[in-house]
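Reader: Hey, can you help me find my way around this one? I'd like to start with what touches what.

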Amino acid sequence: MGSLVCAGAALLPDADHHSGTIANSLKPVSNAVARTVGKLSGGHRKGTHSILGIAVFTAIAWALSLLTLDTGDGLFGAILIGPGIMCVLLVSYALKALKITRDTKLLPWTTSITLAVLIAVFAPEEWYWMPFSVALGCTVHILGDMITTNGVPLLWPLKFRSPRWMRDGRGLELDMIWRSGGNLSIPILGDAGSVREWIFLIPVSLYAIVGIVWAFLDQMGYDTMAVWYQVVGFFGADRPARRGA
């Protein structure tokens, strides 16, 4: 559940885009959210792609994490109302981005609400994972945009334009890092959607999938470390130790 929430939170910086994944994930609520965030943040790739944006999203998640309902019984205990509400949105974003739910009206709502209810009921003492997941997801998104050509306005609403001599081509390629509009960029991956970006994303995505499956099996009680030792032994990493013994 934390992985889904983090994946959904990784889309939050793009909540400023009226036609992005978030805007189309949980209609009509998501459309209203995207329009509101876009107006408050100054447009696409502005406030939501900054350090302040990360702080605001994390603060909202932390505040909602405190909104609980004590049922007074031993079956459910304290129900996380705030995280449940936020999970409905974040899980729907993740499901939409992962193409698990189609562009229908009913399926995104039913899937997201079901998962959110499970989180709200069965994780009564683990409220701190919500702001952590949101902060991590937003940070990863912004770092990902930062290593593309356009960069991000990390210090928004402050805007520091690059000096004229740098924009005139005498900046020793520093103009690629300090954009004319004030954005900061380390364009390792080039433009968004480039071949370099896909080459980078494939191993990262595989690592994330393996990590999620590994954690799931571990929680289910499987001896994952025994599997790890078998894999290490198969590739011969322990052969020198055996010869030394």
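This is a predicted model: local features need pLDDT of at least 70, side-chain atom pairs count only at pLDDT 80 or more; totals for chains, interfaces and linings use all residues.

Reader: Which residues is Leu-12 in contact with, leaving aside its neighbours within four places in sequence?

Author: Leaving those neighbours aside, Leu-12 is in contact with Ile-22, Phe-57, Leu-90, Tyr-93, Val-134 and Cys-138. Contact means heavy atoms within 4.5 Å.

Reader: Ok, big picture. How many helices and strands does the protein chain have?

Author: The protein chain has 10 helices and 2 strands. Those are DSSP runs numbered from the N terminus: H or I of at least four residues for helices, E of at least two for strands. Along the sequence the pattern reads α-α-α-β-β-α-α-α-α-α-α-α.

Reader: And how much of the protein chain counts as buried?

Author: Of its 245 residues, 34% count as buried. Buried is under 20% relative accessible area, exposed is over 50%, and partly exposed is in between (1.4 Å probe, protein chains only).

Reader: Back to Leu-12. What is the largest nonpolar core like, and which residues have the most contacts inside it?

Author: The largest nonpolar core has 28 residues, and Leu-12 is among those with the most contacts inside it, along with Val-5, Cys-87, Leu-90, Met-130 and Val-134. A nonpolar core here is a set of buried Ala, Val, Leu, Ile, Met, Phe, Trp, Tyr and Cys residues joined through side-chain atoms within 4.5 Å. The elements giving two or more residues to this core are α1, α3, α4, α5 and α6 (129-146).

Reader: Which of them gives the most to this core?

Author: That's α4, with 7 residues.

Reader: Then how do α1 and α4 sit against each other?

Author: The axes of α1 (residues 2-9) and α4 (residues 81-97) come within 7 Å and cross at roughly 80°, so α1 is roughly perpendicular to α4. Axes are lines fitted to C-alpha atoms, for helices over the stretch in contact, and angles run from 0 to 180 degrees between N-to-C directions. Under 35 degrees counts as roughly parallel, over 145 as roughly antiparallel, 65 to 115 as roughly perpendicular, and the rest as oblique.

Reader: Who makes that contact, and what class are they?

Author: From α1 it's Leu-4, Val-5, Ala-7, Gly-8 and Ala-9, and from α4 it's Cys-87, Leu-90, Val-91, Tyr-93, Ala-94 and Leu-95. By class, that gives 10 nonpolar, 1 polar and no charged residues. Ala, Val, Leu, Ile, Met, Phe, Trp, Tyr, Cys and Pro count as nonpolar, Asp, Glu, Lys and Arg as charged, and the others, Gly among them, as polar.

Reader: What about α3 and α4, how do their axes cross?

Author: The axes of α3 (residues 51-65) and α4 come within 6 Å and cross at roughly 135°, so α3 and α4 are oblique to each other. Ala-61, Leu-64 and Ser-65 of α3 make the contact with Gly-82, Pro-83 and Met-86 of α4. That contact has 4 nonpolar, 2 polar and no charged residues.

Reader: Changing topic: where is Trp-109 found?

Author: Trp-109 is in helix α5 (residues 107-122) and is partly exposed, with a relative accessible area of 26%. Leaving aside neighbours within four places in sequence, Trp-109 is in contact with Leu-26, Lys-27, Val-29 and Val-88. Lys-27 is 82 residues from Trp-109 along the chain, yet their C-alpha atoms are separated by 8.9 Å.

Reader: Is Arg-45 buried or exposed?

Author: Buried, with a relative accessible area of 15%. Arg-45 is found in the loop between α2 (29-41) and α3.

Reader: And which residues does a cis peptide bond join?

Author: Trp-156 and Pro-157, with omega about 10°. Pro-157 is found in the loop between α6 and α7 (164-170).

Key: Residues are numbered from 1 along each chain as its sequence is written. Side-chain values use heavy atoms; hydrogens and water are left out.
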